[in-house]
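Let's take a friendly walk through a ligand site and a few aromatic neighbours. Have a look at the model first.

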Amino acid sequence: MKKRLVLIGNGMAGMRTVEELLGLAPDLYSITVFGAEPHPNYNRILLSPVLAGEKTLQDIVLNDREWYAAHGIALHVGDPVTAIDRKRRRVHTADGQEVPYDRLLIATGSVPFIIPVPGAKLPGVIGFRDIADVERMLVAARGGRHAVVIGGGLLGLEAANGLLKQGMEVTVVHLLDSLMERQLDKPASAMLQRALEQRGLRFLMEAKTDALLGEDRVTGVRFADGSEIPADLVVMAVGIRPNADLARSSGIHCDRGILVDDTLQTFDPAVYAVGECVQHRGNCYGLVAPLFEQAKVCANHLAQLGYGRYQGSVTSTKLKVTGIDLFSAGSFLGGEGTEEIVLRDPGVGVYKKLVVKDNRIAGAVLYGDTVDGAWYFQLMREGTDISALRENLLFGQHHLGDAGHGGERRAASMADDAQVCDCNGVTKGAIVKAITSKGLFTLEEVKAHTKAAASCGSCIGLVEQLLASTLGSDYSAPEAKPLCKCTDATHDQVRAAIREQHLISVGAVSVKLGWRRPDGCQVCRPASN
Ligand SMILES: Cc1cc2nc3c(=O)[nH]c(=O)nc-3n(C[C@H](O)[C@H](O)[C@H](O)COP(=O)(O)OP(=O)(O)OC[C@H]3O[C@@H](n4cnc5c(N)ncnc54)[C@H](O)[C@@H]3O)c2cc1C
């Protein structure tokens, strides 16, 4: 008889673990999945483009109901697990179901932190976490005018940008004096703030929220200095907290999150946990790349293969605001024993800083031109000695090698387990295997078969290089194809137009060549740059 696996939390980390497990041991378990949300599994990181009107909810579904059925998985959505009886190895749900397990996987994610100020519970005050939040924001945007976003971090700025695009007047309130201070140094942060102000966002910096005002629903925000601003909607984006209450109440050992070892096992050997709800070697993560690494190891142990170890992750971040390119990784502030290599060109809106320690990249901040972010991140993760590259390092990967083939050679020399698509956790090895075993020739085919490059798009260049290096002379598609969906012009035509018409900014290229989207996209912006 098959063993019984129950997954609590139908989100990104839990379902990735199930997908990995199906790849390793498809017949080992009969699987039951409980999700609190009334939806099948979707790509949470793409809620920002949905809010901004750039994607639909349908676009972001990762596994639809037919997929669960086809894999024999019993899916219960909109039915949260309310208790875990570890003695009898059963879970109890809000709808009154009682389901036994041999192995339990907890992947309950995080909850947004709501600042406990007076008025925080008023209708119209929300977090930014799930489809329901996005739907609330879209309704508010139809009826209201003033939105206030509390928190000038990654999530807050993506929420603010989306609400602005939905026609609201948006004020971002930030406690500190610079935006995204956990990812950006001051010069990059200042450039970002200026660019967002030019789009119409307002900022109240060093502002401490004292109370949210209103009787039946929120109408305004009051600050510590006594000033007030109107608000029809308040989005709190000041941080997240691991959602570990269910595990804690069942006696599983927790600190900030559910404590797991390097196999993702909790203190109860029958119970595993992955994702934002866990705490591993003192760290709780809030990005998908580490969770996908956890998923791989956890699946390996659930499959009873027993050799994977998760040892923690180095992370990088990008901001998903169309028209603003930003990348940050590692120790970007520098400090004792480090050197900084900086390129700053305010004229074209480019700022790049690499922090180097012992001839190795320790951190990076890129603003305006992020095309080499993935490369720097790889050099950083692999601890590559950059002495030989140093002279041209800031000018990017395409300066290495001859006639523009440096990228292909680099792609070819990447390790098989190097991650190419951070959003979907796809390695070089998986992409090359799909290209060769399934006979893929185009970027679209790679996207469809592997999910690589199908989310934020920042790895498209790298995927194309992998296609080129794997297929060799068989790969000729991009030269003949339009540069991207913003234009019908090919790469070569754009290059020729830049030369002939002396176009010296990305904006000038998009205006002169009649881009369909004035801001361009993740493909044509870096390419034009
Ligand atoms: C708007 C937004 C943008 C983001 N952008 C990025 C980005 O650009 N890059 C990046 O790396 N990361 C990004 N993230 C973070 C990323 O989405 C998370 O790291 C990831 O989704 C966490 O996966 P998880 O499975 O741990 O949690 P989730 O994906 O949140 O899944 C947890 C699921 O468990 C369910 N659940 C909770 N309790 C129960 C219960 N008792 N019973 C049943 N189900 C339960 C929840 O409803 C939820 O569906 C973003 C997040 C948001 C909200």
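A polar contact here is a pair of N or O atoms within 3.5 Å; within protein, one must be able to donate a hydrogen and the other to accept it, and residues adjacent in sequence count only if both atoms are side-chain atoms. This is a predicted model, where local features need pLDDT of at least 70, side-chain atom pairs count only at pLDDT 80 or more, and totals for chains, interfaces and linings use all residues. Residues are numbered from 1 along each chain as its sequence is written, and side-chain values use heavy atoms, with hydrogens and water left out.

| Residue | Protein atom | Ligand atom | Distance |
|---|---|---|---|
| Val81 | polar backbone atom | nitrogen | 3.0 Å |
| Ala13 | backbone N or O | oxygen | 2.8 Å |
| Lys320 | side-chain N or O | oxygen | 2.7 Å |

The protein buries 91% of the 1,000 Å² that the ligand exposes when taken alone (Shrake-Rupley method, 1.4 Å probe). Around the ligand sit 29 residues, each with a heavy atom within 4 Å of it; Glu37, Arg129 and Glu276 are among the closest.

Now to the rings, which pair if their centres lie within 6.5 Å, with planes under 30 degrees apart counted as stacked, over 60 as edge-to-face and the rest as tilted; for Trp the six-membered ring is used. The structure has 2 aromatic pairs. Trp375 and Tyr376 are tilted, because their planes make 35°, with centres 5.4 Å apart.
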